[in-house]
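Student: I'd like to work through this model one piece at a time. Please start me off with a single side chain.

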Amino acid sequence: MILYKGKLYETKEQERLLARLEQDINDTRIHRKLDISKVIDAVDAIGQKLKAGIYHEKIARLGIEGMEEQIRTVIAMTDRENLTYRLEVELGQLREPFLKGQVIKGRRGRCLEAVDTYIYPLGTLFHIAAGNREGLPVYSVLEGLLTGNINILKLPQADQGLSIEILQALLEIEPHLAEYIYVFDTPSTDLDAMCAMAAMSDGIVVWGGDEAVEAVRRFAPAGAKLIEWGHKLSFAYLSGLNEIEEAVLDRELQALAEHIVSTRQVLCSSCQVIYLDQPGMEAVKDFCNRLLPYLEEAAHKFPAKSAGMRADLSMRRYCETLQKIITGGEAAKRQVYAGKNCSLTVCEDMELELSEMFGNCLVKRLPREKMMEVLRRKKGCLQTAGLLCPKDKREELTKCLASCGVVRITSAGRMSETFLGEAHDGDYSLRRYVRAVDVEICEG
C-alpha cells in the first residue's frame, strides 16, 4: 500500500504518484510552513491513546516480542514534555534567530557586521528504514516532522502494515500533516523508484547494515546529504569482579543475562561480546560457569516465541560442530558452554564481533592495556558498553571506553534502556535534519 497526502493507494499506482510527487512537494514548500507545535500535539495525542490501550489489540496481532516494554518506551518518547525537551537539548538556541555577526578588527577584507542566523528544515527527507525493530520507520518520520521536513518513507519488507496504521492515526488527529508524509512499500530491488525518490530529496536517512548503506551511497545523487544510522556493536566490559560484594555481583550478572536474552541481541545496544579485564583464559572459563545458570534462568523467563529462530540456531550449532571436526581452524579455538536455549562461547581472540544472538553470547578476555588497540579496529561501529566494575574504578574505565570511541556507557544490565534527551549513536539526530541560513541585516 501507498500513503500519499493522507489517502491510501494500491502499490500499482506507484509510477503515477511518483510522477507528480516532486510538484506536490515543491508546492508545499513554497506555500506552507509546518507548525511544529501541531506535530507535538498530534504525537502526544497518539501517546495518550496508546497509554489508554486503544491500539493494544492491533499491536498484539503483530506478535511483537516484549510488547509491553516497547509500548512503555514509546509512550515516554511521545510525551509532550519529552518532545519539547528533545528540541531544547538538540537544537537549543538554534530554534530562534540570534545575532551572530560582529565586527572583527584586524582582518583584511570586508566582514558582515550584523547577521541573523535562522534554522530551516533540510527540506525533503527520504527515509530508508530497517526492519529490525517495530516502529522504527515511524520514529524516523517523526524526527523529520519535528524538524519541519517533508518526509518520503520507503517501508522495510517486514513492516506488516504497522507504520501506515500509525501514520494514518496521526493524520486523523492532525490532517495538516498529510502534505508532509508520503509512504511507499517499494522493494529495495526497484532501483528506478528508489533513485526517483532520492532525486527529490535534500537528505537521505538510511537505517541498516554496511551493505544497505553502501547500496544507498551508490545511487544517492550529488548534493543530497547522506544521514547514516548504520548497525552498531555493543559489549559488556567486566573488571575487578573479585572486588565486588558477592550479592551485588550476583544481582548484576543476573541483570546482564536478562538483558542478553530479553533483547534477543538484535538491537544495536544489545551485548554481543562479554569482555573480561583478564590476561588468561582460565578466568574466562570460570566466569562462563558462573554466568551460565543465570542465562538459563533468563531463557526460561523470556522464552523465544519463534520456532524458526530456534531451528536456525540449532542448524548453525550443528554446522559449527562439523566444521570443528573436519577442518579445525578458528572454530576449534572456541569452546561452547551450552545451556538450555542459550549458550556462552569462549573465544581465544579479542575481536569485537556479532554473536549468534538469541541468547548466545561470546566471552573474551580484553586486558585494559589492550582496550584501545582492539576497540579502535571497530571505529565507527561502537555504540554501548555495559560496564561492571568496583565503584572506585568506574570513572577511570568510563574515560578509557569513551576514548576508544564508545558513545554510550551504562551498567551491564541496562544497555538497551533509553532515557530522555539521549543522543543517538553519539549524535543529536535533529541537528542533522536542519540547516543554518545566514541573513545579513541591512539598514534602511
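Student: What is the relative accessible area of Asp-250?
Tutor: Bear in mind that this is a predicted model: local features need pLDDT of at least 70 and side-chain atom pairs count only at pLDDT 80 or more, while totals for chains, interfaces and linings use all residues. Numbering starts from 1 along each chain as its sequence is written, and side-chain values use heavy atoms, with hydrogens and water left out. Buried means under 20% relative accessible area, exposed means over 50%, and partly exposed is in between (1.4 Å probe, protein chains only). Asp-250 is classed as partly exposed because its relative accessible area is 24%.

Student: Which residue meets Asp-250 in a salt bridge?
Tutor: Side chains of opposite charge can pair when their charged atoms come close. The test for a salt bridge is a side-chain nitrogen of Lys or Arg within 4 Å of a carboxyl oxygen of Asp or Glu. At 2.8 Å, N to O, the partner of Asp-250 is Arg-290.

Student: How many residues apart are Arg-290 and Asp-250?
Tutor: Helices here are DSSP runs of H or I with at least four residues, strands are E runs of at least two, and both are numbered from the N terminus. Arg-290 belongs to helix H11 (residues 281-301) and Asp-250 to helix H10, so to speak two distant parts of the chain, and their separation is 40 residues.

Student: Which strands does helix H10 lie across?
Tutor: Contact means heavy atoms within 4.5 Å, and angles run from 0 to 180 degrees between N-to-C directions, with axes fitted to C-alpha atoms (for helices, over the stretch in contact). Helix H10 (residues 246-262) runs at about 150° to S11. The strands that H10 lies across are S10 (233-238), S11 (271-276), S14 (360-365), S15 (382-388) and S16.

Student: Which strands does helix H14 touch?
Tutor: Helix H14 (residues 391-404) packs on the sheet too, and its direction makes about 165° with that of S15. The strands in touch with H14 are S10, S15 and S16.

Student: In what order do the 7 strands of the open sheet come?
Tutor: Two strands pair if DSSP finds at least two bridges between them. The pairing in this sheet is mixed. Its order is S12-S13-S14-S11-S10-S15-S16.

Student: Why is one side of S12 and of S16 left without a neighbour in the sheet, and what is the average twist from one strand to the next?
Tutor: S12 (334-339) and S16 (408-411) stand at the edges with a single partner strand each, so one side of each has no neighbour in the sheet. From one strand to the next, the twist averages 25°.

Student: What is the bridge partner of Val-336 in S13?
Tutor: S12 and S13 (residues 342-347) run antiparallel and are joined by 6 bridges. Within S13, Val-336 has as its bridge partner Thr-345.

Student: What is the relative accessible area of Lys-364?
Tutor: Lys-364 meets Asp-349 in a salt bridge (2.6 Å, N to O). Asp-349 sits in the loop between S13 and S14 and Lys-364 in strand S14, so the pair ties together parts 15 residues apart in sequence. Asp-349 is partly exposed at 24%. Lys-364, by contrast, is buried, with a relative accessible area of 0%.

Student: Which residues do salt bridges with shared partners join into one network?
Tutor: Start with another pair: Arg-408 and Glu-422 meet in a salt bridge of 3.2 Å, N to O. Arg-408 is in strand S16 and Glu-422 in the loop between S16 and helix H15 (429-432), 14 residues apart. The network itself is made of Arg-334, Asp-349, Glu-353 and Lys-364.

Student: Which side chain does a polar contact of 3.0 Å join to that of Trp-207?
Tutor: Trp-207 lies in strand S8 (residues 203-208) and counts as buried at 8% relative accessibility. Beyond its neighbours within four places in sequence, its contacts include Ile-128, Leu-136, Tyr-139, Trp-229 and His-424. A polar contact is a pair of N or O atoms within 3.5 Å; within protein, one must be able to donate a hydrogen and the other to accept it, and residues adjacent in sequence count only if both atoms are side-chain atoms. The side chain joined to Trp-207 in this way is that of Ser-140.

Student: How many of the 11 residues of helix H6 are buried?
Tutor: Among the buried residues of H6 are Ser-140, Glu-143 and Gly-144. H6 (residues 136-146) is largely enclosed by the rest of the structure, because the buried count is 10.
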